[in-house]
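Please inspect the sequence and the model before reading the solutions.

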Amino acid sequence: MSRPISFFDQVNRNFDKAAAHTEHPPGILQQIKEINSVIHLTFPIKRDDGSIQVIHAWRAEHSQHKLPTKGGIRYADAVNEDEVMALAALMTYKCAIVNVPFGGAKGGVKIKAQDYSDAELERITRRFTFELFRKNFIGPSLDVPAPDFATGPREMAWIADTYATLAPHDINALGCVTAKPVSEGGISGRVEATGRGVFFGLREVCSIAEDMRGIGLDPGLEGKRVVVQGLGNVGYHAAKFLHEEGGAIIVGAVEYEGAISKPDGIDVETLMEHRRETGSILDFPGAENLSDRDLGLELDCDILVPAALENAITMANAPRIKAKIVAEAANGPTSSEASDHLFERGIMVLPDAYINAGGVTVSYFEWLKNLEHVRFGRMEKRFEEASARQLLTAIEGATGRTFTDREVATYAKGADEIDLVNSGLEETMIESYHGIRDIAHRIDGAVDLRTASMIDAIDKVALAYRDRGIFHVR
Ligand code: NAD
């Protein structure tokens, strides 16, 4: 019997498909594809009842062509070495696509987070950090984790504190991890960055009339019917911004416990409140419960946003997907076979390595902030405001027109950290999309956007190897 194709195999299958459209030397392509380092750690922790449990954890650094390497840490009972390697490889390609100067990495701890108390999670997180430190797998110039499935700012703060304790002379210690709470060296806008990036990306994609007509949709995000799978950090924020800022209608939601449909639109905040109160998205007023959560993915809609885990869309359900656009907010939600099938059916798949890159983009901004030791906007905000006010006064003098207080406040607003973060994120998502789209067009639309984005990534990583050469110890 043949071995089922693993997640890492799937990523490499996509890589090979894209590499066939490039002319890089085979050795360079092989070097880009391989995992540079991977460690499997086992360590004991004390449970609250006094018993000892052995924890399995991994960290993979896929490509050290640029340092530090960067990638989240997930807590899930399905974590394994193949998954961590696949996700690390995706991070390399993701960073290249959005021009974030990092190599790719990923970490995972094989635990179901809900089965552990906060104190136990803290012990696991701190011990994992200690083990990574001992093996030189963490540090602001080496490898910089971030959150992923079931981890968030709290875990990142524990990691930063543990690292800083172990490396007291490292003045850049806070740059050892990103997505920390703002009070602990984090940056405004990081929590929602991935979801906001999904929104910026989709807004840009939908604004291109020619492309929308090609898939039978009107241009613009306004009024588009959206289904979101996974209302965690990424899915919740994506749904929120798509609805509140883009005017899209959330017609379905899929969670662990089930799926709901509401063609006239779900108010995301009210749904989250309902889930907090009842423990479930089911029985949401005005919505229909579906008999099986996976049917939610097959609802009639314009845009499907899988934002949970990998393999949500496989050949088992791809033929029944009705969306015209699949925006891969999660990493690896579509198997490579299913992705080909969707492309053949004319469904636009916005690949994970592009559409969910908002998180790593803002993580990059946070890392820069940590190295600079100053908040973005602190030096220039007042100066910009004063200059703009002088300009407005001059215009008033020249024209005789007086600006209202509201106009002055708007025109003479110096940028806060959040303004700069969101502006940098918006620029990144728009610019990167056009880079990918241009490649797809260059190949006469014969490749899907995943392949186009992978060609983009391979070209950029290959360029790094070409320009810096191959290091040999003499
Ligand atoms: P999260 O833990 O905050 O949320 C995941 C959500 O998915 C949870 O609400 C969970 O209940 C739900 N879920 C799990 N299994 C499900 C299933 N079978 N059906 C429906 N819902 C299910 O995690 P997150 O940080 O939002 O990450 C989600 C995905 O996005 C992951 O693939 C992750 O790698 C990717 N991602 C996250 C970030 C980030 O910044 N957090 C960045 C890029 C990519």
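**Exercise 1: Overall form**

Compare the radius of gyration of the chain with the value for a compact globule.

Solution. For 474 residues, a compact globule would have a radius of gyration near 23 Å; the chain has 23 Å, so the two agree. The radius is taken over C-alpha atoms, and the globule rule is 2.2 Å times the number of residues to the power 0.38. The C-alpha trace spans about 75 × 55 × 55 Å along its principal axes. This is a predicted model, in which local features need pLDDT of at least 70 and side-chain atom pairs count only at pLDDT 80 or more, while totals for chains, interfaces and linings use all residues. Residues are numbered from 1 along each chain as its sequence is written, and side-chain values use heavy atoms, with hydrogens and water left out.

**Exercise 2: A helix pair**

Determine how the axes of α2 and α16 are oriented to each other.

Solution. Helices are DSSP runs (H or I, at least four residues), and strands are runs of E of at least two, numbered from the N terminus. Axes are lines fitted to C-alpha atoms, for helices over the stretch in contact, with angles from 0 to 180 degrees between N-to-C directions. The axes of α2 (residues 26-33) and α16 (residues 449-468) come within 10 Å and cross at roughly 110 degrees. Therefore α2 is roughly perpendicular to α16 (65 to 115 degrees; under 35 is roughly parallel, over 145 roughly antiparallel, the rest oblique). In contact (heavy atoms within 4.5 Å) are Ile-28, Leu-29, Gln-31 and Ile-32 of α2 with Ile-458, Val-461, Ala-462 and Tyr-465 of α16.

**Exercise 3: Backbone features**

Solution. The cis bond joins Leu-67 and Pro-68, with omega about 5 degrees; Pro-68 is in the loop between β2 (52-61) and β3 (69-75). Asp-283, not a glycine, has a positive phi of about 60 degrees and lies in the loop between α9 (268-278) and β9 (288-289). Asp-283 is exposed, with a relative accessible area of 57%.

Technical notes: Buried means under 20% relative accessible area, exposed over 50%, partly exposed in between (1.4 Å probe, protein chains only).
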